[in-house]
Amino acid sequence: MKIVVTGGAGFIGSNFIRYMLSQHPNDEFINVDKLTYAGNSENLSEVRTNPKYRFVKADIRDRAALEPLFKEGVDAVVNFAAESHVDRSILQPELFVLTNAAGTQTLLDLSRQYGVGKFVQVSTDEVYGTLGATGLFTEESPLQPNSPYSASKAGADLLVRAYYETFGLPINITRCSNNYGPYQYPEKLIPLIIYNALHNKPLPVYGDGLNVRDWLYVEDHCRAVDLVLRQGVDGEIYNIGGHNERNNLQVIRTILSELNKPETLIRHIQDRPGHDRRYAINADKIRKELGWAPQYHYESGIRETIRWYQENMAWVEQVLEKSANSGL
Ligand code: NAD
């Protein structure tokens with residue numbers, strides 16, 4: 001199979017390409033990435049010389065740049081490319097709509113025109129909005145996004161659905177909970193807290209710190225997307241989550257205790273507007289229909305992740321320096 005992976009230089013995309021090359025050595029992967037502040041070609045340095053891997057620097061909105069690639073013949077598209085940081089979406093909503101929704105539409109059009117056999121849209125549980133203290137999101141939960149980020153992702157999901165209903169494009173949508181693991185940009189909670197704690201810097205926590213997320217190790221997400229790509233029923237949506245609900249303070253305390261750092265580093269700051277209180281995923285459908293199950297326990301996965309950042313502080317410094325130099 002020849003598979004276009006967009007956003008493959010980011011956190012999940014780079015883990016996905018590494019995972020896929022190890023699991024499917026005969027498939028071919030073309031990584032289309034614009035290399036925004038969040039994209040880093042160094043994330044894939046170990047596969048750069050693999051003859052089954054190719055990198056194309058392009059914006060998913062740039063039809064002219066992408067068309068030659070689709071003309072070559074593409075079997076599948078897995079769309080990870082996105083502006084992904086909620087805080088940034090509050091400052092720059094338009095960029096999120098253009099990349100996440102309009103960019104997806106460009107990819108859908110090309111996929112339709114050139115007869116792509118499967119289009120997998122990597123979406124998020126955030127499109128469902130927020131939950132109270134109980135209950136879980138199912139694939140039937142209404143879309144009630146609360147941030148410009150989640151609204152732009154929900155818009156993309158609706159376009160993907162429409163291309164299935166209107167044009168018969170074979171699609172799937174995956175909606176995963178919060179990921180953690182190696183190569184995550186250090187503006188996101190877990191790498192940010194590890195970095196600051198290691199440098200004895202204050203640890204910013206929104207509001208009371210009791211917002212709950214359902215954490216999943218990134219490789220378990222990659223395995224789920226691979227299953228959907230190969231076995232997903234056309235037109236279907238699959239939720240992905242690990243039943244690892246933790247509030248932000250719990251996550252931070254685990255990191256502090258692993259690093260032997262004091263809780264006095266924690267600083268509560270003013271809450272983010274539209275901050276969703278709780279996400280939790282019902283992943284029964286992908287478990288029952290495709291046989292997926294997470295392989296990492298949160299406790300061991302988070303320990304492994306902390307170790308990875310400790311051993312790869314040079315990577316963290318390098319991505320921070322890159323974005324500081326570009327003014328982002
Ligand atoms: P990320 O920000 O680390 O990576 C995004 C990548 O997309 C970067 O490499 C960036 O350069 C690239 N990109 C951005 N705009 C582009 C454009 N216009 N054209 C081409 N490339 C562009 O994000 P991530 O955390 O790896 O998330 C990947 C996908 O998974 C996103 O679609 C996100 O919505 C979804 N998702 C993320 C999580 C999570 O916890 N991180 C959970 C569920 C779903």
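## Basis of the model

Because the model is predicted, local features need pLDDT of at least 70 and side-chain atom pairs count only at pLDDT 80 or more, while totals for chains, interfaces and linings use all residues. Residues are numbered from 1 along each chain as its sequence is written, and side-chain values use heavy atoms, with hydrogens and water left out.

## The ligand and its shell

The ligand is surrounded by 28 residues, each having a heavy atom within 4 Å of it. The closest are Ile12, Asp33, Ser84, Tyr149 and Lys153. By class, 13 residues of the shell are nonpolar, 11 are polar and four are charged. Here Ala, Val, Leu, Ile, Met, Phe, Trp, Tyr, Cys and Pro count as nonpolar, Asp, Glu, Lys and Arg as charged, and the others, Gly among them, as polar.

A polar side-chain atom of Lys153 lies 2.6 Å from an oxygen atom of the ligand. Backbone atoms also take part: a polar one of Ile12 is 2.8 Å from a ligand oxygen, and a polar one of Ile60 is 2.9 Å from a ligand nitrogen. On its own the ligand has 830 Å² of accessible area (Shrake-Rupley method, 1.4 Å probe), and the protein covers 97% of this. Two or more shell residues come from each of α1 (11-23), β5 (118-124) and α5 (148-167). The largest share, three residues, belongs to β5. Helices (H or I, at least four residues) and strands (E, at least two) are DSSP runs, numbered from the N terminus.

## Ile60

Ile60 sits in the loop between β3 (53-57) and α2 (63-71). With a relative accessible area of 4%, Ile60 is buried (under 20%; over 50% is exposed, and in between is partly exposed; 1.4 Å probe, protein chains only). Leaving aside residues up to four places away in sequence, Ile60 touches Thr6, Leu66, Asn79, Ala81, Thr99, Gly103, Thr104, Thr106 and Leu107, where contact means heavy atoms within 4.5 Å.

The C-alpha atoms of Ile60 and Lys153 are 15 Å apart, and the two residues are separated by 93 residues along the chain.

## Aromatic pairs

Rings of Phe, Tyr and Trp (its six-membered ring) pair if their centres lie within 6.5 Å; planes under 30 degrees apart count as stacked, over 60 as edge-to-face and the rest as tilted. By this rule there are 15 aromatic pairs. Phe16 and Phe80 form a tilted one, with 5.0 Å centre to centre and 50° between the planes. Phe16 is in helix α1 and Phe80 in the loop between β4 (76-79) and α3 (86-91), so the pair ties together parts 64 residues apart in sequence. Both residues, Phe16 and Phe80, are buried.

Elsewhere, ring pairs link Tyr180, Trp215, Tyr217, Tyr296 and Tyr298 into a cluster.

Key. A polar contact is a pair of N or O atoms within 3.5 Å; within protein, one must be able to donate a hydrogen and the other to accept it, and residues adjacent in sequence count only if both atoms are side-chain atoms.
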